Amino acid sequence: MSKTVMAKAKIVKGGSFLIEEKKPSEIFTPEDFSEEQRAIAKTTRDFVAGEVYPNRSEIENKNKELLVSLLRKSGELGLLSFDIPEKYEGLGLDKVCSMLVAENLAPAGGSFAVSHGGHTGIGTWPIIYFGTEAQKKHYLPKLATGELLAAYALTEPHSGSDALAAKTRAVLSEDGKHYILNGTKMWITNAGFADVFVTFAKVDGDKFSGFIIEKTFPGVSTGGEEHKMGIRGSSTCTLELNDAKVPVENLLGEIGKGHLIAFNVLNMGRFKLGAGCVGGAKAAMKEAIAYANERHQFNRPISSFGAIKQKLAEMAIRCYGVESAVYRTAGLIDQALEGVDADDNAGILKGIEEYAIECSAMKVYGTEMLDFVADEMVQVYGGYGYSEEYPAAAVYRDSRINRIFEGTNEINRMLIPGMLLKKAMKGELALMQAVKQLMEELLSFPSMDDEEDGVLAEEQKMVRNAKKVVLMVAGSAAQKYMQNISDQQELLMGIADIIMEVYAMESALLRTQKFVEANGEASAELRLEATKVFINDAVDRIEIKARPLLAALVEGDMLRTQIAALKRFTRHTPYNCIQARQRIAAAMTETGKYIF
Amino acid sequence: MKIIVCVKQVPSRDAILRINETSSWIQDRDIAYDVNEPDSYAVEEALKIKEKFGGEVVICSLGPERVQVAIKEGLAKGADRGIHICDPALDNLDALAQARAMAEVIGKEGFDLVFTGLQSDDYGFAQTGVILGELLGVPSATIAMAVEVQDGEKSVRVKRELEAGWFQWYQMPLPASISIQSGLNQPRYATLKGIMNAKKKEIRKVTLSDLSISKDLLVPKQKIERVYFPVKSKKTEIIDGSAKEAAAKLVTKLKQMRAL
């Protein structure tokens, strides 16, 4: 659906945003949603408002039966089957639709959203993309309705980030009909009620492989519910496999190829989490604005004070950046998957894997944006924010898990430059050529920048220069450490920070430019303000992040040259962000919500 | 049973309303729209009757391009097709003139039942349903809280809401026009499958040139003079005199204000 609103049909290379300049017409934005996509968002919103939100305290009190019945009810509307191909009684919708469902489910509260995502995402995807025809026929129609509920069981007590160090073993039975699995899986979302588990074990102790396990198989049991910091209404238990008898037909994918399932599925989960964070942030803003309008101190609503205005506006500005990047990514994936057959699993996975850099960026940047919003929400509520009687505390607690699951933000940060360099080395991305060109530019006399005009011309230049910072830092890192760069975690994480800022700022820039092209500048006034503030601040953050990285990478004259270049690339006349935030906050307090 | 449900698209409940420059209505720029609330109940009631008796549900809406979204919502919920009466000359007319256009289209279609919402959330005239009944020459019932098709699909029994918790059951022959009150059923959600299927359903577009209404009949007989926000004011008046005199004055004043 999304392709019609994007200019080019050619597949954009993942990570290419760092070395190429994109046009507004090349990206997909929330303003491009089709009527059907908007209607799907509305159904999700209506379902949450009508069925889930009124029950949220009951869900938080661990009413598992209610949670399960609501999941099944969402299945009646198609909210469990959007990713399942039509051939297996699903709807086979595009990724923009999946993202819209994730975004609009978030206001249901973390517990329901995580349970729903655990089933529709990581619980169901492995069977969609790696299952045999028979496995798909057997499981997918029932997962589509919610007759069967699913969970994904990868982590073990001693292997979290290092997932492939799993100890669970699988041995073929003597009659060759079953695999016998032994081990424990930990932190398994939905474990308390799931009927089907996608899990992993090492065949003969060394070949990491995927399995589909049913709760009723002999030797399969679950432990007690964990007492968690947040998402307390979701079910999280261990999965115990004690001589669990798994039919050989339930091997998922090929023996020894479990890592393909584990990592691809997490990859997809990440980009969807970005959309969930956007939805969570919008819901938090709504509550925070309502409270700030209602709460009076010094005979005025606190929303009329500058201190609160700056907070509310900054929530919206950061959300705008993430939202722009999330739907741009969804549009890229849909464009890549256009024309790929629903049964062509390898083709689909290749399409999604292409954007692994963007997916990880959305996970990290989105979850940290939501944490920022949740933290400021508590602050807006003041003392009431610290009370469980008010909504801010739960939002704050629930938000915290996002930085841990689906690959910690640290692991994801390291993946971003890691994957980028891998692509460059494979020759898929002309990164090294761009670095070389930049290094030459650094050593030559700086050219006078041409004055450009047009909407956000200054910001466009700032984005272009920010990309040069990435090239400079990543180039120096690659030069210094070559193949051993993966040991330099501090550097990788710092580079990732800059890359994420660049992706978000360029996405916001292009989205706003596209909006102005379609609607004119007059109706884009506040979007322009938000974009200018976001880019202004992002460039400042980039400068601060890059300095210590350069100091760790180069020294002497080279350091001085690169610091001077950094200054040049991040130089800009500071924008009046305080006034811009005041204007954005005024619109938020008037409308009572996120305004973009 | 062939049921035509008239739906209107109105500003969303949480839309921020601003009065336009001429104070004749609200600014429609940047406003989100929704299906008028009682109209959603009308759609649901029609779908329930169709499920029981079979037949066809047709969604009819008058308005600019954007009202297609309201028609599609009905189609996504299970209605069979849509009719979009779309002509700038028909926008901003009064209920009578718009009902004339709708009556001609609906009359040509043929129907057993015409459902409208009781009133629209924007103008709140509550006229279109009854005017349609009159123009179509069929009996009408308003404020329906229950609709029972009876008598081998030849008549309909309607529960009408009266004042102070009273209800009235009313029987009339088909075809008929009924305006539906909110709350008589539980409107369904549009399913994702329904949304995707709605794309394939027909929405017939009708413009003024397809109709044989003379221009004279489209001159509004009713006009909004001015739209304004109510001014909040507080006035206290002390009534002098003895208790008896003051009480008499108070009664007179209350009568003048029609509070008594």
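Predicted model: local features only at pLDDT ≥ 70, side-chain atom pairs only at ≥ 80, totals over all residues.
Figure 1. Helix α3 of chain B, residues 95-109, lies across β1 (2-6), β4, β5, β6 (113-117) and β11 of the chain. Its direction is at about 145 degrees to β5(B). Helix α2 of chain B, residues 68-77, lies across β4 (56-62), β5 (81-85) and β11 of chain B. For α2(B), the angle to β5(B) is about 165 degrees.

**Figure 2. The open sheet of chain B has nine strands.** The strand order is β9-β8-β7-β10-β6-β1-β4-β5-β11, and the pairing is mixed. At the edges are β9 (167-173) and β11 (203-206) of chain B, each of which pairs on one side only. On average, neighbouring strands of this sheet are turned by 30 degrees against each other, direction ignored.

**Figure 3. Strand β1 of chain B and its partners β4(B) and β6(B).** Is β1(B) mostly covered or mostly uncovered? It is mostly covered, with five of its five residues buried. On one side the buried residues are B:K2, B:I4 and B:C6, and on the other they are B:I3 and B:V5, so that both faces are covered, each residue counting as buried because its relative accessible area is under 20%. Five bridges connect β1(B) to β4(B) in the parallel sense, and the bridge partner of B:C6 in β4(B) is B:C60. The pairing of β1(B) with β6(B) is also parallel and has four bridges. Here B:V5 stands opposite B:F115 of β6(B).

**Figure 4. The antiparallel pair β7 and β8 of chain B.** Strand β7(B) covers residues 140-150 and strand β8(B) residues 155-161. Six bridges join the two. B:A146 stands opposite B:K159 in β8(B).

**Figure 5. Surroundings of A:Y327 in the largest nonpolar core.** This core has 155 residues. A:Y327 is listed with A:Y152, A:L312, A:V380 and A:M505 as the residues with the most contacts inside the core. Which residues does A:Y327 contact, leaving aside its neighbours within four places in sequence? They are A:F28, A:P30, A:F33, A:V96, A:M99, A:L100, A:E103 and A:A275. A second, separate core has 59 residues, including B:M1, B:A42, B:V149 and B:I178.

**Figure 6. Aromatic pairs in chain A.** Over all chains, a search of the whole structure finds 17 aromatic pairs. One of them, A:F200 with A:F208, is stacked, with 5.4 Å centre to centre and 5 degrees between the planes. A:F200 is buried at a relative accessible area of 0%, and A:F208 counts as buried at 6%. A:Y320 and A:F596 form a tilted pair, with centres 4.8 Å apart and planes at 55 degrees. A:Y320 lies in helix α9 (residues 306-337) of chain A and A:F596 in the segment after α19 (577-591) of chain A, so this pair ties together parts 276 residues apart in sequence. A:Y320 counts as buried at 1% relative accessibility, and A:F596 is buried at 15%. Ring pairs also link A:Y291, A:Y381, A:Y384 and A:Y390 into a cluster.

**Figure 7. Domains of chain A.** The domain assignment gives domain 1 (16-149), domain 2 (151-258), domain 3 (259-410) and domain 4 (423-591). Between domain 2 and domain 4 of chain A, the C-alpha centres lie 43 Å apart.

Conventions. Residues numbered from 1 in each chain as written. Chains lettered and ligands numbered in written order. Heavy atoms only, no water. Core = buried A, V, L, I, M, F, W, Y, C linked by side-chain atoms within 4.5 Å. Buried < 20%, exposed > 50% of the residue type's maximum accessible area, 1.4 Å probe, protein only. Contact = heavy atoms within 4.5 Å. Pairing = 2+ DSSP bridges. Axes fitted to C-alpha atoms, helices over the stretch in contact; angles between N-to-C directions. Domains from an automatic or database assignment. Phe/Tyr/Trp six-rings, centres within 6.5 Å; stacked < 30°, edge-to-face > 60°.
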